[in-house]
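Please open the model in your viewer and keep the sequence panel beside it. The stops below say what to select next and what is to be found there.

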Amino acid sequence: MADDDDLFREAMRDVARLKAVEKPAPTRLPPTATQLARRANAEARRNPAEDPNYLTLGEVAQLAPHQLLSWKKDGVQEAVFKKFRLGKYPLEGVLDLHRKTVKEARVALFNYTGMAVAKGWRCVLINHGRGERSPTPARIKSYVIAWLGQMPEILAYHHPERRLGGAGAVLVLLRKSASSRAENSERHGQRGED
């Protein structure tokens with residue numbers, strides 16, 4: 001054994017010790033709109049006396065009446081988004097926000113989205129109008145788009161075909177309910193640990 005130790009020391013004689021290198025602390029990015037919405041939602045649940053509707057009533061980016069919109073949340077697969085854009089998901093519900101104030105539209109969208117998720121709907125149409133004759137054109141449209149970005153239940157939105165409203169409406173892709181996700185995992189054999 002002593003010979004092995006001597007041989008090892010001899011072999012390692014010219015080897016220099018490595019210095020331990022500390023990893024730099026990760027930089028924290030500012031929270032995303034989705035994270036802020038989730039935080040607001042969690043805080044609203046902690047304070048049930050307050051309004052659970054976390055959708056903003058503050059100023060939002062003003063859109064043009066005929067502006068066409070398309071957006072998907074990070075993590076949504078391109079194939080799912082393409083299927084959604086091409087209208088391959090059945091339309092399961094419609095919410096009409098014509099002639100509503102911003103406050104009324106906020107409540108209606110919040111309640112409707114909660115109901116749609118509870119029912120397991122995946123694709124709904126929101127008719128917000130273009131607001132061309134309004135003193136502030138596209139006001140409801142601008143708020144709806146801002147609100148959709150705040151809602152964790154929303155995976156994507158895209159302007160529908162002209163026959164469904166074009167620039168005066170938006171198709172919305174909702175996340176699957178927990179039961180739908182579990183059923184899908186079971187169907188496709190993606191079960192967790194048994």
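How many helices and how many strands are there in the chain? There are 6 helices and 5 strands, where helices (H or I, at least four residues) and strands (E, at least two) are DSSP runs numbered from the N terminus. This is a predicted model, in which local features need pLDDT of at least 70 and side-chain atom pairs count only at pLDDT 80 or more, while totals for chains, interfaces and linings use all residues. Residues are numbered from 1 along each chain as its sequence is written, and side-chain values use heavy atoms, with hydrogens and water left out.

Of its 194 residues, 35% count as buried, buried meaning under 20% relative accessible area, exposed over 50%, and partly exposed in between (1.4 Å probe, protein chains only).

Next, select the strands, which form an open sheet of 5 in the order β1-β4-β5-β3-β2, with mixed pairing; two strands are taken to pair if DSSP finds at least two bridges between them. At the edges stand β1 (70–72) and β2 (93–96), each with a single partner strand, so one side of each has no neighbour in the sheet. From one strand to the next, the twist averages 25°, with axes being lines fitted to C-alpha atoms (for helices over the stretch in contact) and angles running from 0 to 180 degrees between N-to-C directions.

Now select residues 169–174, strand β5. Is this strand largely enclosed or left open by the rest of the structure? It is largely enclosed, because 6 of its 6 residues are buried. On one side A169, L171 and L173 are buried, and on the other V170, V172 and L174 are buried as well, so that both faces are covered. In a regular strand the side chains alternate between the two faces of the sheet.

Strand β3 (residues 123–127) runs antiparallel to β5 and is joined to it by 5 bridges, with C123 standing opposite L173. Strand β4 (residues 154–158) also pairs with β5 in the antiparallel sense, over 4 bridges; here A156 stands opposite L173, and I154 has L174 as its bridge partner.

Staying in β3, select N127, which is buried, with a relative accessible area of 17%. Leaving aside residues up to four places away in sequence, N127 touches V94, L95, D96, L97, H98, L164, G168 and A169, a contact being heavy atoms within 4.5 Å.

Helix α3 (residues 78–85) lies across β1, β3, β4 and β5, running at about 45° to β4, whereas helix α5 (residues 139–150) lies across β3, β4 and β5 and runs at about 10° to β5.

For the last stop, select F8 in helix α1 (residues 2–11), a residue that is exposed, with a relative accessible area of 53%.
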